[in-house]
Amino acid sequence: MPEIKVTPLGAGQDVGRSCILVSIGGKNIMLDCGMHMGHNDERRFPDFSYIADGSLTEHLDCVIISHFHLDHCGALPFMTEMVGYSGPIYMTYPTKAIAPILLEDMRKVAVERKGESSTSFFTSQMVKECMKKVTAVNLHQTVQVDSEIEIKAYYAGHVLGAAMFHVRVGDQSVVYTGDYNMTPDRHLGAAWIDKCCPDLLITESTYATTIRDSKRCRERDILKKVHECVERGGKVLIPVFALGRAQELCILLESYWERTNLKVPVYFSLGLTEKANNYYKMFITWTNQKIKKTFVERNMFEFKHIKPFDKSYMENPGPMVVFASPGMLHAGLSLNIFKRWAPDEKNMLIMPGYCVVGTVGHKVLNGAKKVEFENPRTVVDVRMAVEYMSFSAHADAKGIMQLIQYCQPKNVMLVHGDAEKMVFLKSKIQQELSLDCFNPANGETCTIVTKPTIAADVSLSLLKRDLQPVAEIGDLRVKRRKLLHGVLMVKGNKVRVLDSDAACAELGVTRHEIRFTSTVTLEDPGPVSRTIDKLHTHLQKRLGITQHLGDGPINIGSVLLQVSGSDQEDLKEAIVSWTYQDDALGSYILNSIKNIDR
Amino acid sequence: MAAVLKKRALAEYSHSQTVTADQESAAGPSVKKVRLTRRSEQPSTQAEGYLQILQRAKTSRESLQALTSLAELSPAQVEDVGGVVRRLLEVFSRDQETAVRCAVLRLVQQLVSAAGERAHLASAADELTALLERETSSSVAGQCLSALSELGALSGGEARLSARLVAAARPRLSHASHQVAARAAALLGRLLPVSPQPTDDLTQLGEATRAQDPRVRCAALQALLTLHGRGLSLGGPLYADAVAALRDDYESVREAGLQLVHVLAQTAPERLVPLAESDQTVRLVDDAFGHICNAINDLSVRVRVRAATLLGSMTAVSTKFLEQTLDKKLMSNMRRKRSGHERLRTLVVRGEWSSGKKWGDDAPKEQLQADTVSLMSSGACGAFVHGLEDEFLEVRSAALESMTELATLHPHFAEMSLDFIVDMFNDEIAEVRLRAVDSLSRIGQMITLREDQLDEILAVLEVYSIDTREGLHRMLGDCRLGNTDSLKLCVEKLLKNLKRYPQDKRSLWRCFQRMGAAHPDLVLPLVPSLLHIHPYFQLPEQDVQDPAYVCILLLVMNAAAGSPTMMALLDDNTRRHFLYLRDTLPGMVPDRLPGQAAAAAAAAPSPSTPAAARDNAAEFLQSVLRRAAEPGAGRAALEQCRRDLDRLAQIDSALSARAQFASTYIHCQLLMAQVTGDASWRAGTAAGPARLQTSADTLTALTLRLQHRFSGLEADEWAAVRQLRLRLLALRLVLQVRGRTGSALALGEHFLEQAQQLERHLVDGGQPLDAFTEALVRGLEALEERKAGAMARVLAPLLTDIPVPPLRLRSPLTQAEAVIFEPRQETEHPQKFTAGLVLGIPLDCELRHVSDVSQVRLRVQYPDQRAQLVLPRATDFRPLDEPASYRLRTTVLVSHQVWSEDGEVEISVVLDVKEPGCKVLRQEDWLIALCDAVRVAVQPRAVRRNVI
């Protein structure tokens, strides 16, 4: 039986370092090539030696990257330049544009700040070299990787340019979702896939056990809080990561400012965002309906109310709203601003995402009233209001189920999520959709058996004979399976369905005929011809299609009916004979004659 | 040169033509008309030519071209339809090309339907049916069927023809080709006889909804829908087919299926259907509702929009299912979580507000059992929640619309949906936001607002869009509030709104008025604090011009009308202010307050009811008119009448339009008499002094005003106005001819045209002509040649001898008018802008009794007396509740070169009543002002060099 083998090298029952190996129809495909942000040792990259020692090119047929987040593309330069892979790499246009910015930034932080030896880490040149190997694809564009592999991207809505990939090899196919979002937001649409019925759907399951509230409620909440705060003269600090959610929040505030005609300044700390924002302005087709409709008049990413931030503004009096990176308040500008503003109770801090244990953000969110800093050693009183707001762009449990319903796969595999959460979702998928569901751990290989389809040639005349709707039998045109009568011939690697006569002719076999013959004794005095007439009229009445010539036997299709005996005898013998194809008719006639006098 | 000559000759010809026509029509009712019948160019020769080309055509390309040209001919150009059809069918039987044959069929159908004759229909249908029997190509057969169905429909459901066509189509429903089967289904849908009993055909169509080809399935469903639309009752068994179609792979089938499910549910809502996978039954409408709700999560936008739209009309659905649509079980990490709406609700129910810190407030509560959670949305669950969150605005607005529709019928659902509607105020598309405001005002009367909801709603008052705010004011005026605290909160926020957006003044006043009238008991405890009434100290009297104070007064006064005890709380100042308000804002204050009835009665000397006062005034008007109509009424008497009428117009708003009309008319009378009585006029030949011309100009403006500004005139009043206008034209003509200042040709022609039109109109309407018109018609008849000079000589004595007939006025009139609210008269602080660029001044005004808004213009006059007309956009007019009344909110663009200091531009609303093609008056003269101009100071400043 044909099978699909899947081995997660990362993201198996885990979040981060997404990297999934798929063997399908004899081809090896790598889906995503991410790094783990939580580790600083060799665990941060996938274990490429699992695939092969040395060059990967001959073992891998292609690499597909779903979107530009580093846990999905972070290990790519390492893999191509340091481990060695020169095969095809696919990603969407926005991903190809934005990913190198993020990679470069990450490299800088790792090498310059954390002081990693530059020999163990890739260089800027390597990032450039790596991106040269990438082939960009468009949505719904079918790309032929080689003669057998065919890939197609669908909109995923997680970040700009995020895509789900449908991979088909022969008659087997896999859909890999990457990260996706089923509810549209301010700048991206909802994920969309057609009913492609793949053999396997590999889906993320970050929010496997969550069903979220309507996003409007959340948005309204946050806007109200911000508005109240600036109205009483407070300053609002929103720590964000540079890309993705930051743009979402900017658009949210921008349009609110526009709507309520607020004059309070909104600042955005520059950095890599500026470059990325340019790409956001360019890839309008990848955004949602509103932006697509209005960009001719005004590009939504050309913010009117949001201005670049300068460090000196921190000391300015009066209300303001500042977006600053990094998002978890662990270093940099956002932490500096926090230190400055925290003691004033008029101010407010809004955390739009989760914070890792140990960061200032995490402490503050958990209600710490004093935060200690080393170097220089200070204690900051936190009197400002602290708000948490979830603005994550992943599908929740309902969304995952909905995608599965849209896609109609035969099997489902969960990756990119916590193990115990997966268990719940897995049981739900099995119960409510009755699909097989897998959740392999890293390094564990899953084998999915697929139903083979065998193509056979059928001659047109045979098809027409058996499938052509027949007017008499009214329901033949109704959509349902149909029986085809024929002979299956396997010759070499060619499979054909033939008409039985044609098969016989081709094989040079003469057909045997099987006839059943039965004799019935009838009590019917008088001449034989009268008996025959009697039988004839009897059958004519019931069947209507008899044939009788003179004294000869009565023909009904292939059924023969003959009467023997002499005119004088009371008992006549009726012989009924039929071929096995007309068994039903023959038996019917036989019974009917037996019971002729009743 | 030749062309010019020809043109001139033609002009000459047509000119004399009109004149003769005039002569005849002016002669009286026995009009002989010269009618030029346009000869149709080369009748049928063109069609004939194309037909011949078609018959000779060697290639299919040629045939197609000929057919296309034939199809482009107008129906009038094809004469012998039967013959053409026959020849076309010959081509059909000869040609082998599918495309050609399809085109022939299309053309035959087109010709026959354009001719619209029964005989052709029947014979063509016969021929086509015969063709259909022989046809082997499926696309031709399909085309044939669709042509037949068109013809059948054209025959108006003639039974015999329909039966024949249906018989031809019936077996083809199961044809292997989708083209044939789908068209056969469509034909059956249009032509099946409507019988009360379900027939076999229905079953067959039902079976076709399961056909192999999606196009056939879709066509079968559509056919069923058509049948329903024609009044056939579709039986129950089809419901299962329709529901099955909802799971189809093709969106068009799903969409049609949805409609069918909806239609079936609407026709038999109470029928019970078994529930899937259980032995229970539910009402059909509930089951269908569930199915349609499911479609809100469909892959295709079209289906989602359709589903969201259909939900709104399913009013028979039971409350249980309806309320599920807003229900979404939340959880976080396997623990039950409450939605933001629920959290707020419980806070209020507990009677306490959350204190400051909210982090962890939404922390998940109890642990959920894995098997109790259902992730697949079943039935109606959360349908509207999903619909309102959809990516596409079409779906969102449809869902919002449906939700409102259902909420207006189910009060409890209305209360539940309120939160969601308020959430939609935050939508990214302005259109959806506006619709949410609309929805809210529609369900306003149904709900009692909770304090937390009020808090959310009032936050929206900060929004910049004036439409949103005004919608909200309307809604707050309509809805009910739960307690005094809510009312207080509401008042505070609304006053804050007023401070921030002073232009909302009027909308807010109305809101306060209705709020007060609806909640007298809630206002009562707030009165002292609202009016700053102190038990011991007398506080300074508040400024009654302050809009905020007016708001409070309106609230209190309207509440006081429903709460007698309140009067005792008010001090004298407030009572006086009430009297003031009654005069300044008459529509917004109750006529009388409970405690004040006696005092008011004592104050007014004549104990008259308002009705009696109205009668009095009307009588007075009539008496003035009688006085003016007295034969000996001299100039002084008429002047006195005018003064009386003007005063009456000021006092009585109800009679104002009539009084002004009468006054204007008398003014015309006076002016006319003044001109004809002038010495220079009587002297005859020479042109009079300039004052005659001035009077004529004034008369022009006055008559135009009478004609266009007043509506609701009776036929004879209308006739009087028009004849007055004709008289004015005559006057102008005479003046023009005597003045010899320019050619009187245009004026003469215009006058003739008007005279002729009016005369015809009056004769047609059976109205008597007044003495002047009568004489005029006769005088003109006698004329040999209708030159301006000759006419003037006839007209001059008539004008002098026959005075303007007095006015008889009975009908209640309305007068078009405008009130400009914004910009206000502002001459102190000029608006500055860079010279040569444009300054936009927002304009907000109300138009009343304007029958045709396309005539409305904004007139901007600069200090140098140059004036510009601005045509407002049609979308800037919003109809008000009263008929023919509009709110116009637009921006007036002002631009000018540098001025050394600021100057005033005058902005006014005018009607442009220019008659097309009339060259007699200047552009300025056609304008009728609807209101006084508002002066706005502006100052265009020179471009500063360093800026650029």
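In chain B, Arg727(B) sits over the face of Phe772(B), 4.5 Å from the ring centre; a charge counts as over a ring if NZ of Lys or CZ of Arg is within 6 Å of the ring centre and within 35 degrees of the ring normal. Chain A has such a contact too, with Lys339(A) over the face of Phe373(A) at 4.6 Å from the ring centre.

A word on the ground rules. This is a predicted model, where local features need pLDDT of at least 70 and side-chain atom pairs pLDDT 80 or more, while totals for chains, interfaces and linings use all residues. Residues are numbered from 1 along each chain as written, chains are lettered from A and ligands numbered from 1 in written order, and side-chain values use heavy atoms, without hydrogens and water.

Now to the rings: the whole structure holds 17 aromatic pairs over all chains, meaning Phe, Tyr or Trp (six-membered ring) centres within 6.5 Å, with planes under 30 degrees apart called stacked, over 60 edge-to-face and the rest tilted. Among them is the tilted pair of Phe45(A) and Phe121(A), 6.3 Å centre to centre with 40° between the planes. These two residues are 76 residues apart in the chain. Both are buried, Phe45(A) at 7% relative accessibility and Phe121(A) at 2%; buried means under 20% relative accessible area, exposed over 50% and partly exposed in between (1.4 Å probe, protein chains only).

Finally, look at the backbone. Most residues other than glycine have a negative phi, and most peptide bonds are trans. His416(A) has a positive phi of about 55°, and a cis peptide bond joins Glu822(B) and Pro823(B).

Note on methods
Helix = DSSP H or I, 4+ residues; strand = E, 2+ residues; numbered from the N terminus.
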